[in-house]
Amino acid sequence: MAKMVRLISKYCGNVRPDSVEDYVKAGGYAALKKAMGMGPLDIIEEVKKSKLMGRGGAAYPTGIKWEQAYSITKNPKYIVCNGDEGEPGTYKDRLMLGQNPLQLIEGMTIAARVLDAREGYIYIRGEYKAIQETVKKAIENAVKAGYLGDNILGTQFSFHLEVVSGAGAYVCGENTALVESIEGKAGRPRIKPPFIKNAGLYLKPTLLNNVETFSCIPYIIDNGGDNFASYGNEHSGGTKLVSLSGNVENRDVYEVPFGITLRELVYEIGGGIPEGRTLKMVQLGGSSGACFPEAVLDTQLCYKDLKSKGISLGSGAVLVLDDSNCIVDFVKCIMEFFVHESCGKCTPCREGNRHILMLVEKFADGTATKADFEKMKRICDTMKYGAFCGLGQTATTALITCLKYFKEEFEEHIEGKCRAGVCSLNGKEAK
Amino acid sequence: MKGTVVSEVLTKYDNSKDRLVQILLDLQEESGQNYIPREWLEEVSQKLDTPLTKVYDVATFYAMYNLDPKGRYVIEVCKSAPCRSRKAETLAQSLEKLLSIKMGETTADGLFTLQHTSCFGACDISPAIKIGEKVYGNLNEDKLAEIIRAYREGQK
Amino acid sequence: MKTVNILIDHINVNVPEGTTILEAAKKVGVSIPTLCYHPDQKVKANCRICLVEVKGSKGLNTACSTTVWDGMEILTNSKMARDARKTVLELILANHPQDCLSCIRNGSCELQKLTNEFGLNKISFDNVVERKAKDNTNPSIVRDSSKCIKCNRCVEACNEVQTVGAIYNSHRSYEYNITTAFDMPLEESTCIYCGQCSLVCPVGAIYEKSDIDKVWAALDNPDMHVVVQTAPAVRVSLGEEFGDGRGGIVTGKMVAALSRLGFNKVFDTDFTADLTILEEGTEFIGRVQNGGTLPMITSCSPGWINFIEKFYPECLPHLSSCKSPQQMFGALAKTYYAEKAGISPDKIFVVSIMPCTAKKYECTREEMRSSGYQDVDVVLTTRELARMIKQAGISFDSLEEEEYDDPFGITTGAGAIFGATGGVMEAALRTVYEVLTKETLQNIDFVAVRGLTGIKEATVNINGMDVKVAVANGIKNARLVLEKIKSGECDYKFIEVMCCPGGCIGGGGQPVGTTNKDRECRICSTYEVDKSMPLRKSHESPAVKAIYEEYLEKPNSHKSHHLLHTHYVDRKNK
Ligand SMILES: Cc1cc2nc3c(=O)[nH]c(=O)nc-3n(C[C@H](O)[C@H](O)[C@H](O)COP(=O)(O)O)c2cc1C
Ligand code: SF4
Ligand code: SF4
Ligand code: SF4
Ligand code: SF4
Ligand code: FES
Ligand code: FES
């Protein structure tokens, strides 16, 4: 099996990002033309066949999502693209948005065609300001060329797209929070139900997908769902963009077929660990993802195989840590992130994150006791099972999995030892 | 007739409440000191006919907004895990030394503010910092000194 | 109605589709703890204290927000659910000043009650509470945000029920807060002091400014002649503070308690309510006959006055110039009554017992000094009166009923219904009709303007002219009516506005935890009081007739203008 393929990233770097001319010359917009001649249900059928699962993290089957959206009869409907990309270690949407936004725009236009939607929004994190400008230009040019806006390709079909900026809030990647943010409000998640498919943006039916998800659509329509699916394995169709970061030689975004192993990802594609160090830990899916040691690396990149190990693929971020890192220090860093990013609305997340951070700090200080494990566990469980939204529910995944695989490092800190020599353990001396 | 800064920005967005997040970003840029003055928020509230509390909520919710004046250049040091694994905390220390201020502070000449930020998607070149829209990566102390010097000189 | 079968704690129960787990559990005698839930509000599901286990669903579910489905199996007391709820409670308490002994809500606090029920013996997590200074610089409302548990009930009251938006969310994570913009003191904000936030707050984070000590000081001062007036709405709610059923009528006991507390005279605001009808009715007739500004809008609700002054100053000419009954009372107590009783007004101390927090502010307004002194010295809410009675150790239940004192004790049913939404309109119509037509009104019950509906309309034919009137219940509806006036689509001639939902019986100074169900019961009782009165029209009150003969000459006379009318100020932030 090929370790790298280029289905959805094939134009990246080969076209000027905002040039419709380049994109069309390379083969772009063939899918939209084809889709114009297809019925909505036929398009949905191809998406279902492709086995495409949402690439934003929750891995919901895209074909089914589209089918549900289609079956809702209320109008108008909105198409929204999630380009918030806030999960630390993830930068693959940056690649798609910055290098070939027209493919995403084409994917959204096909979605609009299916749902007969007239308006769509691309929500892009505020930190990607320059990229927002690129996407805006691409939209403008697509309108000029008749691929977007009024009377697309000379038909009655019209679809308008607008870029909306975030302003620094990871939680806005959660779909109801994102919709609040587009409406000009603070991005605190809404209560569900209603789900956004019924009542999303302006309380109207809304189809929301990740940048990568929409970017897969043109290939699927162009080449058929089965073709796309054939690149993966029987459980997971197609390819995935992974973002490699941390202590690994080749840090970049790679398009890989489902089914390769994490070991291949880290050592062959990623080129292994620099400076002759050894691998300590991999975190998959960003800061909300699971952490595991070398022994787990033979797991396949595949929703099912990962799930059997209690791991989810998330955004496809792969963070590699070598032995110069301390697990306690790492978890502290993760918890600082969630303390900063919690929206504050619900008790477990607002209060829980900071208590966990305080407890982890005790380990880093050397002042923790055995009883602190139990306290952390209670809060972890309450957040995981009882927080209002996905942020709080997954904020402690890193801690929970580190306690599963690396508990002895925590225990060493109680004894006043940090094997990586990262933690100051000041509190211990002071005691 | 030339309107106020606020009314000009609002006009750009058709005086739409829905664009509040963007409006505040634009206003912050207009301020020249990377912040949104209180009077501007009050004006936005009046002109959009939205309670000031709701404008205040948005302004305090998102991390990119500041309600107090900052330096001309805000240097944001990423403190998320991928950057930390590449020793980002040494960047913070170097910057503190180079600028003789602590994280969160602004230099006396009003040129630089140092602050932490969450991951901004430059993890392929971590450890990374952001100055305004510009991102710098694969940094070490020497490269930082070079960057700071360039900004200072750009001032003269 | 479609029903579904579910299993709660292994007990089978059949409930209507759409029932929440919380409601369904009540049916099998299980009460699941709640904090952010409020029966009259939208489901918020942010506190997470009501977590229960549902078989087959991942994680736990919040009972307040989850509706049941056929075949659902719920465990309200599994270890997982109990552990999570306990942790949530401990997390709340770890960020809470545990001040119960000196807290205004000691005994009426939902958090305290839950903690008691959970039987916590320790809080495992370090206390992280940040003591912030209280905001207590305005006359009406105190905010103690250190005690806030972020349930957002006040936010809904302020933003959606009242559409004021003085308080809202701010910041995020552990800095997340419920506050004014820029944390400014309430008096700089758009707050109208309605106190609806204080009615719904489960804890001691928003409450009335207590003026009890000032009243005790006056009562302790032998040189002071301390008189008290009680608003129409207090007699149907005060009993609830003493474990009486909802809306019990406790007029006689309340009067007895007040004399026991040492007030020299106990008077009834219903008297000046009757007087208001004469003044306001005459003003209305004058406007109709002389082409004055119409529609005319009532002005007896000070929260409403604050609202129109702050939000719609351009509509001020529509307001009646009448003071509220409590302020009319204050002005007369220190003039007419002072003369009659031969007491110097500077030795008279006027206390009002009101269902209202806005009246605390109202009595401090500069315009409210027609007697040459501050007309009303102190306003106490229903809640504060209950507290005083408890402080004095008076056993309310066993009190013998007593009567109000003269001369401000003779009243009519029209004055009594001022306490309920629509009451002022109904009372006014009873009088205006008879004055204008010189005929006896056949049916004096204007049922169309009663009840909790948002905007109520009625048309009355007076001398061949159809007079269309409307009643706006609560500020949200008042806003709608004002917008109609501004857009010129309003054909009402006379509009009643009450700031608080349900009228004063639902006022911000009423017992905490007041729900719409309570409001309905109090409204019922209010009309019972009306029915039981020998006189039910204000212009028939002998006390009202007497005061015009002896003192005020006639409605809208020069003297009544001086004492009973006022003017308003544009307070919009510009
Ligand atoms: C806290 C939180 C943050 C999220 N951030 C993102 C994000 O940055 N980008 C994204 O596409 N999805 C994100 N998601 C997932 C979205 O809610 C949603 O499931 C997804 O965008 C749907 O698109 P998909 O089906 O194409 O994946 C986040 C979810 C949560 C709970
Ligand atoms: S879990 Fe709760 S506090 Fe955390 S982000 Fe979600 S809603 Fe906000
Ligand atoms: S708010 Fe409740 S729990 Fe808190 S101190 Fe007051 S009475 Fe006690
Ligand atoms: S008193 Fe009324 S206006 Fe003021 S904060 Fe409370 S609810 Fe809002
Ligand atoms: S002030 Fe009271 S009602 Fe408002 S959010 Fe806080 S606890 Fe809830
Ligand atoms: S972790 Fe620093 S930019 Fe992503
Ligand atoms: S009562 Fe259910 S979450 Fe608060």
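This is a predicted model: local features need pLDDT of at least 70, side-chain atom pairs count only at pLDDT 80 or more; totals for chains, interfaces and linings use all residues.
Over all chains, a search of the whole structure returns 86 salt bridges. One of these, in chain C, pairs C:Arg522 with C:Glu240, with 2.6 Å between the closest N and O atoms. This pair connects distant parts of the chain, since C:Arg522 belongs to helix α16 (residues 516–532) of chain C, while C:Glu240 is placed in the loop between β10 (225–230) and α7 (251–261), the two residues being 282 residues apart. C:Arg522 is classed as buried because its relative accessibility is 0%, and C:Glu240 is likewise classed as buried because its relative accessibility is 18%, the cut-off for this class being under 20%.

A further salt bridge in chain C is formed by C:Arg571 and C:Glu309, whose closest N and O atoms lie 2.7 Å apart. Here too the pair links distant parts of the chain, with C:Arg571 in the segment that follows α18 (558–564) of chain C and C:Glu309 in helix α9 (residues 302–311), at a separation of 262 residues. The two partners fall into separate accessibility classes: C:Arg571 has a relative accessible area of 29% and is therefore partly exposed, whereas C:Glu309 has a relative accessible area of 0% and is therefore buried. In chain A, salt bridges that share partners connect A:Lys280, A:Glu408, A:Glu409, A:Glu412, A:Lys417 and A:Arg419 into one network.

Chain A also contains a salt bridge between the side chains of A:Glu180 and A:Lys185, with an N to O distance of 3.6 Å.

On the surface of chain C, the residues C:Glu400, C:Glu401, C:Glu402 and C:Glu403 come together in a patch of negative charge. Within this group, C:Glu403 is located in the loop between α12 (382–391) and α13 (413–416) of chain C. C:Glu403 counts as exposed because its relative accessibility is 70%, and the cut-off for that class is over 50%.

In chain A, the peptide bond that joins A:Lys192 and A:Pro193 is cis, with omega about -5 degrees, and A:Pro193 is situated in the loop between α8 (175–182) and α9 (196–199) of chain A. In chain C, a cis peptide bond runs from C:Leu294 to C:Pro295, where omega is near -5 degrees; C:Pro295 is placed in the loop between α8 (269–290) and β12 (296–297) of chain C.

Positive phi values in residues other than glycine were also examined in chain C. C:Tyr193 is a residue of this kind, with phi near 60 degrees, and its position is in the loop between β8 (177–179) and α5 (196–200) of chain C. Because its relative accessibility is 5%, C:Tyr193 counts as buried. C:Asn463 is another non-glycine residue with a positive value, its phi being near 50 degrees, and C:Asn463 occupies the loop between β15 (455–462) and β16 (465–473) of chain C. In contrast to the buried C:Tyr193, C:Asn463 counts as exposed because its relative accessibility is 54%.

Key
Residues are numbered from 1 along each chain as its sequence is written. Chains are lettered from A and ligands numbered from 1 in the order in which they are written. Side-chain values use heavy atoms; hydrogens and water are left out. Patches are made of residues with over 30% relative accessible area and no salt bridge: like charges are joined within 9 Å, nonpolar side chains (Val, Leu, Ile, Met, Phe, Trp, Tyr) within 5 Å. Accessible areas come from the Shrake-Rupley method with a 1.4 Å probe; for residues, only the protein chains shown count as cover. A salt bridge is a side-chain nitrogen of Lys or Arg within 4 Å of a carboxyl oxygen of Asp or Glu. Lys and Arg count as positive and Asp and Glu as negative; His and the chain ends are not counted. The place of a charge is taken as NZ of Lys, CZ of Arg, CG of Asp or CD of Glu. Helices (H or I, at least four residues) and strands (E, at least two) are DSSP runs, numbered from the N terminus. Buried means under 20% relative accessible area, exposed over 50%, partly exposed in between (1.4 Å probe, protein chains only).
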